[in-house]
Amino acid sequence: MRKIVLLWLFLTSSLVFGVAHELLVRSFEKNMIELSLRPIYTTGEQPKLYLFTQTGHRLAKATNGDSFVFDVSNTDWIIAEAFGRSSLGYFMRGVRPTFLKLSSYRQDPHVFFFTDPEKYLFYVGVRLPQDWNLLDCDFQNLKFRRFSFNGLSYLYTSEKPRDGIHTLTLTFELPYGLRKTMKLEVFVFHGLVNTLRGSAAPMRVEPVAPYTHVVKPGETLWSIARMYGLTVPDLELANGISDGNRIVSGTVLKLAKVHFDSSLMSIVINTATGRLALYYNGFLVRVFPVAVGRSDMTPPGTYWIMKKEVDPALYWFGEYIPPRSPINGLGTRFFQLSNPTYGIHGTTKPWEIGKRISHGCIRMFNQDIETIDAFVDVGTRVVVVRNTEEFPIKWTF
């Protein structure tokens, strides 16, 4: 520790007498930082740049003129020192800034969208990492205004965006000259905007005894979930697993139930009329025809979408039926509900839409469920009702 303090005093002493170089950050990707060194004097030879880190000195992995690329993995900060010689032969040293914390460069902003259907306002909300500044938003040439509230930055417009899949680009300024862009694929449906295929709604994780499980040879997420009274999506969401078919022996799994608190989107299914309604913030967006369970096999109640699958395979009494097979009745999309007995999916038999024919699942035209899949979040509330009433324009959930 004493050596680090002495080195710090040595390097920063140049601030008292002035510095000879300016340090700029050009890029930061995957723990590789590109730094630019600008001499504040007429150079006689190209200056050299060195870094001191938590794990010792580091030399540049690549240099190109005034550009230096360093590997800064396994360190939270860097201390820079530059040396050069002027055209008159004088030795020049010192750099500003000398000390850089890397936490700002390793974080990502959190971006979310909200549309107010009553006031026709579209909002882009951004939670910025420390020392970041939001410069610009480019989306369909819309003109945005901005404000800040409760630590968040907001951009908003009264212009209605065009429906379809589009790219939204945000530009940020980070410390010491670095500019960074973030491109997001979004889906616009009836003027409402969400990340393409949605994201995960806010969730609560409820630990379940014995709280962890070590995967043994031959075990699957399905068999482990049954062992503890959980569902496969519970285990996937609680452990951040994107593909539950790829778990390996020795993996330590957290055992927990997942509960979703809220989502801007809600789905209401009326088994009496064979219709499905999509709501956004309580406002009716669109109604779709569906096929429902025969007799009372689709029970009324409140569920949540726990998992969304593209081109799902069908497992029928131990038999594997591949995606898009004519005998795979799940169609092109499948939404697993919080009650694992039921789901919402497409169909390979579109002529059955509108009928009472399933074993309890909700079937949709493939193009309709693909539209919903592109828009709604995991964690979307699904309410099943049975009555003869029309869907209200506004629903209070």
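Strand 5, which covers residues 62-64, and strand 6 pair in the antiparallel sense over three bridges, in what is a predicted model. Within this pairing, Asn64 has Ser67 of strand 6 as its bridge partner. The two strands make a hairpin with two residues between them, and Gly65, which is in the turn, has a positive phi of about 65°.

Strand 6 (residues 67-71) also pairs with strand 2 (residues 32-39), again in the antiparallel sense, and here the pairing extends over five bridges.

In soluble globular proteins, nonpolar side chains tend to be buried together. In this model the largest nonpolar core has 40 residues, and those with the most contacts inside it are Leu35, Leu49, Phe113, Val124 and Leu170. Strand 17, which covers residues 179-189, gives the most to this core, with four residues. Apart from this core lies another one, of 28 residues, which includes Tyr303, Leu337, Tyr342 and Val384.

When its neighbours within four places in sequence are left aside, Leu49 is in contact with Leu23, Leu35, Leu37, Phe68, Phe70, Ala80, Glu81 and Ala82.

Eight strands form an open sheet with mixed pairing, and their order is 23-22-21-32-25-28-29-31. Strand 23 (283-289) and strand 31 (362-363) stand at the edges of the sheet, each with a single partner strand, so one side of each is left without a neighbour in the sheet.

One pairing in this order can be followed residue by residue. Strand 21 (residues 265-270) and strand 22 (residues 275-280) run antiparallel and are joined by six bridges, and Met265 stands opposite Tyr280 of strand 22.

## Helix 6 and Asp368

Helix 6, which covers residues 366-375, is mostly covered, since seven of its 10 residues are buried. The buried residues in helix 6 are Asp368, Ile369, Thr371, Ile372, Asp373, Ala374 and Phe375.

Why does Asp368 count as buried? Its relative accessibility is 9%, and residues under 20% relative accessible area are classed as buried. Leaving aside its neighbours within four places in sequence, Asp368 is in contact with Arg286, Phe288 and Pro289, and strand 23 (283-289) is the edge strand described above. Asp368 and Asn133, by contrast, are 235 residues apart in sequence and 40 Å apart in space, taken from C-alpha to C-alpha.

## The second largest pocket

The second largest pocket has a volume of about 420 Å³. It is lined by 19 residues, of which Phe112, Asn194, Ser199, Ala200 and Asp377 are the closest to its centre.

Which elements give two or more residues to the lining of this second largest pocket? They are strand 11 (110-116) and strand 18 (192-195). Strand 11 gives the most to the lining, with five residues.

## Cysteines

How many disulfides does the model have? The count comes to zero, where a disulfide would need a pair of cysteine sulfur atoms within 2.5 Å.

Methods:
Residues are numbered from 1 along each chain as its sequence is written. This is a predicted model: local features need pLDDT of at least 70, side-chain atom pairs count only at pLDDT 80 or more; totals for chains, interfaces and linings use all residues. Side-chain values use heavy atoms; hydrogens and water are left out. Buried means under 20% relative accessible area, exposed over 50%, partly exposed in between (1.4 Å probe, protein chains only). A nonpolar core is a set of buried Ala, Val, Leu, Ile, Met, Phe, Trp, Tyr and Cys residues joined through side-chain atoms within 4.5 Å. Contact means heavy atoms within 4.5 Å. Two strands pair if DSSP finds at least two bridges between them. On a 1 Å grid over the protein atoms alone, a cavity is a set of points where a 1.4 Å probe fits but cannot get out, and a pocket is an open set with protein on both sides within 12 Å along at least five of seven lines; lining residues have an atom within 4 Å of a point. Grid points are joined across faces, edges and corners, and a volume is the space filled by probe spheres set on the points.
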